[in-house]
Amino acid sequence: MSKKRVLSGVQPTGNLHLGNYLGAIRNWVTSQSEYENYFCVVDLHAITVPHDPTKLAKDTYTIAALYLACGIDLQDSTIFVQSHVSAHAELTWLLNCITPLNWLERMIQFKEKAVKQGENVSVGLLDYPVLMAADILLYDTDLVPVGEDQKQHIELTRDIVIRINDQFGQKQKPVLKQPKPLIREEGARVMSLTDGTKKMSKSDPAEMSRIEILDSPEAIARKIKRCKTDPQKGLEFDNPERPECHNLLSLYLLLSGKTKEEVTAECQDLGWGQFKPLLTEATIEALKPIQERYQEIMGDRDYLETILREGREKAELSANEVLARVKSALGYSTPL
Ligand code: TYM
């Protein structure tokens with residue numbers, strides 16, 4: 001039996017933070033041998049908000065190198081850049097013409113980001129989830145491993161599939177395959193270090209709110225030292241009145257590799273002054289091998305370019321086939 005297909009991606013907007021790592025990439029790595037995987041650097045999504053071209057080019061390579069440094073294995077996985085495979089943009093147009101406008105206006109992330117953009121909201125920002133649907137659907141994807149914040153976009157993708165199959169497919173021969181989200185409970189919602197009720201985010205102007213994968217040990221220590229806590233002694237999971245406490249213990253659990261029972265036993269009588277050095281140490285240790293590998297990969301640009309070229313070739317095989325299937329279902333015929 002052939003393996004199920006997985007596709008996921010990260011936007012090249014700045015460095016990755018612990019939310020991206022623990023909510024997404026770490027899970028890609030852990031389960032990659034079970035699946036046939038496509039991991040994409042979604043650079044077309046990165047221009048849905050104002051961007052700097054020089055930074056976009058640099059960040060695209062950074063993210064590809066971080067995929068490798070975090071442990072993506074090319075035996076099981078294909079790494080590629082979204083804009084290198086033109087089928088993504090082309091399928092987006094076809095899906096645009098099938099997706100009702102009000103489905104997009106309902107998207108939580110659009111509403112949140114639109115508020116920040118004021119008068120400057122681009123059509124691309126509204127259309128962002130349709131491009132994401134195209135990313136997923138071009139690979140006949142079964143599973144999409146993401147953090148909790150992307151769930152609504154995958155539900156939208158599923159609605160688009162139902163609509164296109166109803167309108168243009170035959171019962172025995174759907175045009176597009178129905179994907180499912182794959183969201184692990186632990187790490188699915190890593191919260192800000194300065195406010196445990198807000199998710200950790202690249203777009204938060206406060207740098208102290210997130211730990212980035214490439215942060216130095218000193219920066220990590222400083223951020224944890226200053227992070228928001230509460231006045232209570234004794235640390236506990238799952239108390240809704242102590243969101244920071246739950247978040248920091250969860251980070252410790254994920255980064256130290258300990259179980260919930262072990263962390264509970266270790267931390268239930270600790271004060272913040274005793275716990276913070278433990279979390280600092282676990283974070284530095286977990287990120288150290290990734291940072292070392294990242295430096296090696298970035299030092300060999302040719303290697304990275306070869307991987308992305310081969311990734312594009314492999315991705316195009318699937319993407320072009322699915323695109324041709326959709327075009328044919330919609331009535332396009334291409335003379336040979
Ligand atoms: P992006 O770049 O915002 O985030 C990349 C991944 O990181 C997860 N994530 C988090 N997980 C837990 N806690 C957090 N605080 C946190 N912040 C981010 C996200 O859920 C995501 O899995 N639209 C997507 C990129 C995308 C994509 C796709 C994903 C484009 N096409 C196709 C999957 C499939 C995005 O902006 O992710």
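The model is predicted: local features require pLDDT of at least 70 and side-chain atom pairs count only at pLDDT 80 or more, whereas totals for chains, interfaces and linings use all residues. Residues are numbered from 1 along each chain as its sequence is written, and side-chain values use heavy atoms, with hydrogens and water left out. Helices (H or I, at least four residues) and strands (E, at least two) are DSSP runs numbered from the N terminus.

Helix α6 covers residues 123-137, and at 1.5 Å a residue it should span 21 Å, which agrees with the 21 Å between its end C-alpha atoms; the expected span is 1.5 Å times one less than the number of residues. A bend of about 40° occurs in α6 at proline 129, taken as the angle between axes fitted to the seven residues ending there and the seven starting there.

The loop between α6 and β4 (143-145) contains aspartate 140. This aspartate 140 has a positive phi of about 45° although it is not a glycine, and it is buried, with a relative accessible area of 18%. A positive phi, of about 65°, is also found at aspartate 238, likewise not a glycine, in the loop between α8 (217-226) and α9. Most residues other than glycine have a negative phi.

Rings of Phe, Tyr and Trp (its six-membered ring) pair if their centres lie within 6.5 Å; planes under 30 degrees apart are stacked, over 60 edge-to-face and the rest tilted. Six aromatic pairs are counted by this rule. Tyrosine 252 and phenylalanine 275 form an edge-to-face pair, 5.5 Å centre to centre with 85° between the planes. This pair links distant parts of the chain, 23 residues apart, with tyrosine 252 in helix α9 (residues 243-256) and phenylalanine 275 in helix α11 (residues 272-298). Both tyrosine 252 and phenylalanine 275 are buried. Phenylalanine 275 also forms an edge-to-face pair with tryptophan 272, at 6.0 Å centre to centre and 75° between the planes. Tryptophan 272 and phenylalanine 275 are separated by about one helical turn, because they are three residues apart in α11; both are buried. Trp28, Phe39 and Tyr67 form one aromatic cluster.

Charges also sit over rings, by the criterion that NZ of Lys or CZ of Arg is within 6 Å of the ring centre and within 35 degrees of the ring normal. Lysine 260 lies over the face of phenylalanine 237, 5.1 Å from the ring centre. The charged end of arginine 301 is placed over the ring of tyrosine 61, 3.6 Å from its centre.

Technical notes:
Buried < 20%, exposed > 50% of the residue type's maximum accessible area, 1.4 Å probe, protein only.
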